[in-house]
Amino acid sequence: MNRIDGLRDRVGIAYGGDYNPEQWPEEVWDDDVRLMKEAGVSLVSVGIFSWASVEPRPGEYDFGWLDRVLDRLAAGGVAACLATMTASPPPWLTSLHPEMLTVRADGSTISPGGRQHYCPSSPAYREHAVRLAEQVATRYAGHPALAVWHVNNEYGNVIPCHCDVSAAAFRRWLADRYGSVEGLNEAWSTRFWAQGYGSFEEVLPPRSPAPFTNPAQELDYARFTSDELLACYLAEKEVLDRVTPDVPVTTNFPPSLRPVDQWAWAPHVDVIGYDAYPDPLDPGTEAKVAFSYDVMRSLRDGQPWLLMEQAPGAVNWRPRNAPKPRGAMRLWSWQAVAHGADAVMFFQWRQSRGGAEKFHSAMVPHGGPSTRIFDEVRELGRDLAAARGLAGARAPRADVAMVLDWPSWWALEGPAHPSSDLRFLDAAWACHRPLHDAGVACDVVRPDADLSAYRVVVVPNLYLTSEEAARNLERYVEEGGTLVMSFFSGIVDPCDRVHLGGYPAPFRRMLGLTVEEFHPLAEDASVGLSQGSGSLWSEEVRLEGAEAVERFTTGALAGEPAVTRHRFGRGDAWYLATRPDPAAMRGLFDRVRAAAGVEPVLPGLPDGVKARARDTEDGRWYVVLNHGAEPADVPLPTAMRDVLTGAEPTASVRLDPRGVAVLRPA
């Protein structure tokens, strides 16, 4: 048995949240454990921001309070996801080492008083963080509450540091990457604007020059920052693996997805953790978060992941913080499970009385357990306990994959492009939404992944691509696959240098076309298509074997191809020279997937109802979710039993608005 299996055998689908007992007097702790048992809580994250409480002075440790907390949890049957506590350095540390504070690109220094105010390259920070991790691991190795380690917190929310220590570390990183300053100059195209370096010692982080930074320098700094944060994580993980080799290790990726290269991190995280905060005021939030969940499930090739944080109700950090309507917390929690999660956890257990997040909702609100939120918390706990058989079950491999590459994402959103409105997530959401709405499962893959198992591969945008990755995609189509690629892809190489030979040079042969010129659209402007309209972008396309499926009907490119299809080898390559409106995009994707033989997870679902599958030892289970505003009757392929209600097997199930069914073979 590996250590992940041990975690799931112990807690099933983990249920709980961040537990911060140091914020409360000790007489509250017994009530906490009592309420946790009442709510069905099986796992809590402990100590994430406890550094100052366990090490109040340099080298002086006070673990007594934490001993009593963990003993109470163990006695109550609640497991601990125990943090290394290194996310927010205490005031004494930044007083001793002010040089470890983050310096922004404009030269200003972040002051203590918030969180995550450290330079990842700082030797002082790393030394003290590793020392603390060693103390925590040594003290609690073998403790009956300990089930999983939680390293730091939301590394992607650490602001990139541009201090002199970071500059020195960046130079070492560049020397390792390029070998010589000549190699660096070639990669960064430094003949432009007389930027050529005579030695690595002359290189600085991309601070705040005028008018533009070097795009290749910006891209490498993003790579460097991700790598430096990973080095911090690995330094702590090495301690945990050495002291407690049987305990799995995780960290929680933040909602934004963008800051760190999660493909590079995933092999080092025993189980993926993610924090999701869908916005109740955003009508598209359910589809957007579905994409994020598909990313998390895919990072370790379909291994179940952990939803480490979400809000039971409102958050505190948006301009307008709406609560979740009744039933939405339950529905959206089950959406994560449907997409492969083996944990449903919240920030946080008990709502804070003071501090920056006092208006962030919690499982136990300011009003206590006699509240709507706690009623829903109890109900969800009963649900998850009833569906314990899903724990550890993988989703079947999807027929559709979507390509995601972090360096390409970073480069796409760099400076001095034809449009500053290009955002990778917008492109991904636009391409993922028609699949999601059709009830079609979607994996997420690297551009160099083995694609042979997929019927359709979608490339929302791959602005930056290597020759090897481009050849991989081309080979996929040539051998019989169907590929859909959106505009402004295949433009630059991994050093952000343009691929010569006509846009998109690496994909011209596969796509059967050349892009003559980019025509970005004005803000909020649109362009007519044969079916619907396009937004954001348009391109002048010259056909070189491809056929025009859609044409522009208005604007400077009226009559020119807008959507093309090219038979290449045994497969088909589609190209979108604009972003069709949602209805047109849905029609296009329905056509593509029908031709490729891609079916929904459960055919015949009413509008607003989604279903996903997970394969257990006793067969395929389905999680069915009614995101619609009306009751829905859902036909099933065979008689199945709803484990949440325990009703007799049925060939159909009726779901109320925001209703959920977890169906297993009869």
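The model is predicted, so local features are given only at pLDDT of at least 70 and side-chain atom pairs only at pLDDT 80 or more, while totals for chains, interfaces and linings use all residues. Residues are numbered from 1 along each chain as its sequence is written, and side-chain values use heavy atoms, with hydrogens and water left out.

**The nonpolar cores**

- A nonpolar core is a set of buried Ala, Val, Leu, Ile, Met, Phe, Trp, Tyr and Cys residues joined through side-chain atoms within 4.5 Å.
- Buried means under 20% relative accessible area, exposed means over 50%, and partly exposed lies in between (1.4 Å probe, protein chains only).
- The largest nonpolar core has 167 residues, and L66, L73, L82, W334 and V457 touch the most other members.
- Which residues does V457 touch, not counting residues up to four places away in sequence? They are A401, V403, L451, L473, Y476, T482, L483 and V484, where touching, or contact, means heavy atoms within 4.5 Å.
- A second, separate core has 16 residues, including W173, A187, F200 and C495.
- As a general background, nonpolar side chains tend to be buried together in soluble globular proteins.

**Helix α12, a covered helix**

- Helices (H or I, at least four residues) and strands (E, at least two) are DSSP runs, numbered from the N terminus.
- Among the buried residues of α12 are R330, W332, W334 and Q335.
- After α12 comes G340, which has a positive phi near 105°.

**How helices pack**

- Two packed helices are described by the angle between their axes and the distance between the axes.
- Axes are lines fitted to C-alpha atoms, for helices over the stretch in contact, and angles run from 0 to 180 degrees between N-to-C directions.
- Angles under 35 degrees count as roughly parallel, over 145 as roughly antiparallel, 65 to 115 as roughly perpendicular and the rest as oblique.
- A crossing is left-handed if the near helix is turned anticlockwise from the far one by less than a right angle, and right-handed if clockwise.
- For residue classes, Ala, Val, Leu, Ile, Met, Phe, Trp, Tyr, Cys and Pro count as nonpolar, Asp, Glu, Lys and Arg as charged, and the others, Gly among them, as polar.

*α11 with α12*

- Helix α11 (residues 285-299) and α12 cross at roughly 30°, and their axes come within 10 Å.
- The two helices α11 and α12 are therefore roughly parallel to each other, and their crossing is right-handed.
- On the α11 side the contact uses T285, E286, V289, A290 and Y293, and on the α12 side W332, Q335 and A336.
- By class, this contact of α11 with α12 has five nonpolar, two polar and one charged residues.

*α15 with α18*

- Helix α15 (residues 424-437) packs against helix α18 (residues 582-596) at an angle of about 65°, with the axes 9 Å apart.
- That angle makes α15 roughly perpendicular to α18, and the crossing of α15 and α18 is right-handed.
- From α15, residues A430, C431, P434, L435 and D437 meet M585, R586 and F589 of α18.
- This contact of α15 with α18 divides into six nonpolar, no polar and two charged residues.

*α7 with α9*

- The axes of helix α7 (residues 164-178) and helix α9 (residues 215-243) cross at roughly 100° and come within 10 Å.
- Helices α7 and α9 are therefore roughly perpendicular to each other.
- Among the residues that meet here are F170 and W173 in α7, and Y221 and F224 in α9.
- The contact of α7 with α9 divides into seven nonpolar, two polar and five charged residues.

- The peptide bond from F347 to Q348 is cis, with omega near -5°, and Q348 lies in the loop between β9 (341-346) and α13 (372-386).
- Another peptide bond, from Y503 to P504, is cis with omega near -20°.
- M85 is not a glycine, although its phi is positive, at about 70°. M85 is buried, with a relative accessible area of 0%.
- L257 has a positive phi near 70°, and L257 is buried too, with a relative accessible area of 1%.
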